[in-house]
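Visitor: I'd like to learn how to read a protein model. Could you walk me through it, one feature at a time?

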Amino acid sequence: MSTLYTDNIRANNASQITVPAGQTLYAPGHVVQVVRKDPTVDWSGTRWSGTGTSYSKGFMELTITPKETTSLIIIRAEIMQYMGSGASYLYHTVKRNVSGGSSTDLGLAANTAGLVCNQLTSWNTQHINYVDAPSTTSAITYELWHRNHASSGTSYVGWAATSSNTHNMCFMELMEIAQ
């Protein structure tokens, strides 16, 4: 491997410097890649609904293949949710699934709680921001799981029951950050 020492890099005949296809520029602290879902195009199926107090997987999931094992993955999501009348809390957690294996909770469901919203019978949004250090270059699917606090009342993730707007106001993105 060679080392090039320089104080300035400038494009020869263009306003940008291009890294050739198949090559990766590695600069600690910089975004390596961003993966996101367009909720009205990329997610299919029905919204999540539940009455139970055990976590179940929702429709929100996203896959990224890190370029480096030392990278951090920033998980950002916004969930449109509704708590049933008897479910005073709606809990969310994020699970990591590497290469189609089993899903592992990232520790957000400590003491079975997880990320919580505590408004009764109203639509509102829950924001998730979490930094993961998966230490792999295998494909990782991050999944959002949900559960009620109480077993009465139906809670929902996803705006409406009609297929044209089921996933409105539910967003998710993953950012790989070089370390």
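Guide: Let's begin with burial: buried means under 20% relative accessible area, exposed over 50%, and partly exposed in between, using a 1.4 Å probe and protein chains only. Glu173 counts as buried because its relative accessibility is 17%. Before we go on, keep in mind that this is a predicted model, where local features need pLDDT of at least 70, side-chain atom pairs count only at pLDDT 80 or more, and totals for chains, interfaces and linings use all residues. Residues are numbered from 1 along each chain as its sequence is written, and side-chain values use heavy atoms, with hydrogens and water left out.

Visitor: Okay. Where does Glu173 lie?

Guide: First, the general idea: helices (H or I, at least four residues) and strands (E, at least two) are DSSP runs, numbered from the N terminus. Glu173 belongs to strand β11.

Visitor: And which residues is Glu173 in contact with, leaving aside its neighbours within four places in sequence?

Guide: Contact means heavy atoms within 4.5 Å. With those neighbours set aside, Glu173 touches Val34, Val35, Arg36, Leu62, Ile74, Ile75 and Arg76.

Visitor: How do I read a salt bridge?

Guide: Look for a side-chain nitrogen of Lys or Arg within 4 Å of a carboxyl oxygen of Asp or Glu. Searching the whole structure turns up four of them. In one, Arg76 and Glu173 meet through their side chains at 2.5 Å, N to O. That pair links distant parts of the chain, with Arg76 in strand β4 and Glu173 in strand β11, 97 residues apart. Arg76 counts as partly exposed, because its relative accessibility is 39%.

Visitor: Which residue meets Asp132 in a salt bridge?

Guide: That's Arg96, with the side chains 2.7 Å apart, N to O. Asp132 sits in strand β8 (residues 123-132) and Arg96 in strand β5, so this pair ties together parts 36 residues apart in sequence. At a relative accessible area of 4%, Asp132 is buried.

Visitor: Which residues do salt bridges with shared partners join into one network?

Guide: Lys57, Glu61 and Glu143. Within it, the side chains of Glu61 and Lys57 meet at 2.7 Å, N to O. Glu61 is partly exposed at 27% relative accessible area, and Lys57 is partly exposed at 39%.

Visitor: Last one: how many residues does the largest nonpolar core have?

Guide: A nonpolar core is a set of buried Ala, Val, Leu, Ile, Met, Phe, Trp, Tyr and Cys residues joined through side-chain atoms within 4.5 Å. The largest here has 26 residues, and Met60, Ile75, Tyr142, Val157 and Met172 have the most contacts inside it. Strand β4 gives the most to this core, with five residues.
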